[in-house]
Amino acid sequence: MIRRALLGLATLVALGFLALPIVAIFARVPPGRLAAQLSNGVVTDALVVSLKTTLIAQALVLLLGTPTAYALSHRFRGRSLLVTLVELPIVLPPAVAGIGLLAALGRTGLIHTTVPFTQTAVVLAVAFVSSPLYVRQAIAAFEAVDENLVAASRTLGSGPVRTFFRVVLPLARGGLVAGEALAFARGLGEFGATIMFAGSLRGVTQTLPLAVYSEFDVNFDVALAVGGLLVLVSAALLITLKWLASTSTSPFRFALSSSA
Amino acid sequence: MARLDLDVSLPLRAFELRLTLAVERTVALVGPSGAGKSSVLKVVAGLLPGRVEFDGEDWTRLPPERRRVGFVFQDYALFPHLSVRANVAYAGPVGDLLERFRIAELADARPGDLSGGERQRVALARALARRPDVLLLDEPLAALDAHTKARVRGELSELLRDVGLPTLLVTHDYEDAAALAGEVGVLVDGRLRQLAAPAELVARPRDAFVASFTGANLLRGRARRGELTEVVLDGGDRIYSTDDADGEVGVVVYPWEVSVARAHADDSALNVVRGEIGSVVEIGNRVRVRIGAVTAEVTPASAARLELARGGLAYATFKATGTRLVPL
């Protein structure tokens, strides 16, 4: 009896703690006024920057990440080392990612470029931080495609390229979409690497998360409005992800919990 | 008729696969699992390296998609995301293949909704839509239940006759091989032990393994030359064979050459092995009886008349001419 009460209490405290900030964002300011803040110039500027950089970054992630993941889904010597290298940015603190990008591409960097503190820098920071989530998931999705089906396709007259597009890609699709959803969410919320590598210049490099940070001591309501917007977008992504997981047998269960 | 030649020398996990083979009609490779049978098919298809020549045309360096083989995989490897029609169309024009294989009414179904027999028909139709020069069948009957198997075996045998393509099939079941192929090769540890017509394999097995694989009894013993060869079996029984041999041998006796009696038949012309009845199993219209180390086949009527039951004593008898002596 006491044990069950303690269990219930602990669960209640944890759930309350996790839900409270979300509730607070929407409770502090009435929804109507919150929505009105979204037409504020700072917000629209940040929205445009976020939208543009996210789309370009995710296009890059898909275009380069998909072939990379397919290559890494085949067994070869040194594969696990490369996979670990791809996964490293997932566990890397974002600030380290930012300083690393500066050291690599800064004015005094390994490769001299004028990229830092431009919109290109935002794209690179977002791609760096979010692509591993997609690639890792895509490797698992490609690995799950029965190699007999690939062999069958070849014997039926299809070369490697047609086999990839007609057999491998359709069968891995569920896992790829789930991986991309995770990468998209991670990229949209990117903060640490972006602020270090691209700065927070309104209309140029100030994304939605950076706008929350820059506005919270200027106009708390605006910061809240942007926060609310990000909560809604993120929740929509999560729900999409769970729906995908429940309608497909692709192997992205281990990235989300088993409830997904 | 076209002819497929292959010359394989391929290191596998436990041994090296080495064989040369010419396929003109239907050849079946039989052998225990892990003998390298499926690897031979993959060599022909271009999925593993090896010298392959079709009708004088060198295929060795051609990628799989340019080899014109109809490969039916053991698990059929149907594309799960495509309908039956789309699976067949993937390989080439569908034509009347759906009607020919009685899958027209399943055209819009997904492979996941089909029975084993239906899947096999789709896989065959798809392989033929490729307009192949060679057919490759990997364990074509293994995925089917015993009930469907007999019917499908008949259909398959008819189909192979109709298409008239050089066909290489692999199976672990000697009966399937004998029913489907004009030539059967016994493959063990990557080597071809014997390649011959099914009847020839039974009549003159080259070694003990081939004999036991074709369903024969194999009794071990020591032979001594004489007018008839005398073999003292490991169990102590003394038998005679018309085959010539000396030293350690395997005595090959087919179950249908063995009669069963409950009393010792006092006929010196017959070999007699006395033993306990180990099992009595009815298979179709025959009864398989195990007496000591010997398996015999009798009619259900004789089994009933002899009151054969586990644990009883019986005598297995067979003629000297019904034995083959093979090296061990």
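Is G250(B) buried or exposed? G250(B) is buried, because 24 other C-beta atoms lie within 10 Å. Here are some friendly notes on the rest of the model.

1. **Ground rules.** This is a predicted model, in which local features need pLDDT of at least 70 and side-chain atom pairs count only at pLDDT 80 or more, while totals for chains, interfaces and linings use all residues. Residues are numbered from 1 along each chain as its sequence is written, with chains lettered from A and ligands numbered from 1 in the order in which they are written.

2. **Terms.** A residue is called buried if 20 or more other C-beta atoms lie within 10 Å of its own, exposed if 12 or fewer, and partly exposed in between, with C-beta atoms placed from the backbone. Two residues are in contact if their C-beta atoms, placed from the backbone, lie within 7 Å. Helices (H or I, at least four residues) and strands (E, at least two) are DSSP runs, numbered from the N terminus.

3. **Chain A overall.** Chain A has 11 helices and zero strands. Its C-alpha atoms fill a box of roughly 65 × 65 × 30 Å along the principal axes. Of the 260 residues in chain A, 38% are buried. Among its contacts with a separation of 6 or more, 77% come from residues 24 or more positions apart.

4. **Chain B overall.** Chain B holds nine helices and 20 strands. Its C-alpha trace spans about 70 × 40 × 35 Å along the principal axes. Buried residues make up 42% of the 328 residues here. For contacts between residues at least 6 apart in sequence, 64% join residues at least 24 apart.

5. **Helix α1(A).** This helix (residues 2–28) has 27 residues and reaches 36 Å from its first C-alpha to its last, close to the 39 Å expected at 1.5 Å a residue. The expected span is 1.5 Å times one less than the number of residues. A bend of about 35 degrees falls at L20(A), and a proline, P21(A), follows within four residues; the bend is the angle between axes fitted to the seven residues ending at a position and the seven starting there. α1(A) is hardly covered, as the count of buried residues among its 27 residues is zero.

6. **Helix α5(A).** The 12 residues of α5(A) (residues 94–105) should span 16 Å at 1.5 Å a residue, and the end C-alpha atoms are 16 Å apart, so the two values agree. Buried in α5(A) are P94(A), A97(A), G98(A), L101(A) and L102(A). They sit on the same side of α5(A) because they cover an arc of only 135 degrees around the axis, where the arc is that of the directions from the helix axis to the C-beta atoms. These buried residues pack against α4 (79–91), α6 (119–143) and α9 (192–197) of chain A.

7. **The core.** The largest nonpolar core has 155 residues, and A125(A), V226(A), V44(B), A125(B) and L136(B) touch the most other members. Such a core is a set of buried Ala, Val, Leu, Ile, Met, Phe, Trp, Tyr and Cys residues joined through C-beta atoms within 7 Å. α6(A) gives the most to this core, with 17 residues. Not counting residues up to four places away in sequence, A125(A) touches G98(A), L101(A), E190(A), A193(A), T194(A), F197(A) and A198(A).

8. **Where the chains meet.** Here 13 residues of chain A are in contact with 15 residues of chain B. On the chain A side, α7 (147–155) and α8 (160–188) are the elements that give two or more residues, and α7(A) has the largest share, six residues. By class this side has seven nonpolar, five polar and one charged residues (Ala, Val, Leu, Ile, Met, Phe, Trp, Tyr, Cys and Pro count as nonpolar, Asp, Glu, Lys and Arg as charged, and the others, Gly among them, as polar).

9. **Helix α7(A).** The buried residues of α7(A) are L149(A), A152(A), S153(A), R154(A) and T155(A). They pack against α8 of chain A together with α1 (37–45) and β6 (69–72) of chain B. After α7(A) comes G157(A), whose phi is positive, near 105 degrees.

10. G250(B) lies in strand β14 (residues 247–253). Leaving aside neighbours within four places in sequence, G250(B) is in contact with A208(B), A211(B), L218(B), R220(B), V326(B) and L328(B). E276(B), in strand β16 (residues 270–283), is exposed, with 12 other C-beta atoms within 10 Å. With the neighbours within four places again left aside, E276(B) is in contact with G292(B), G311(B) and L313(B).
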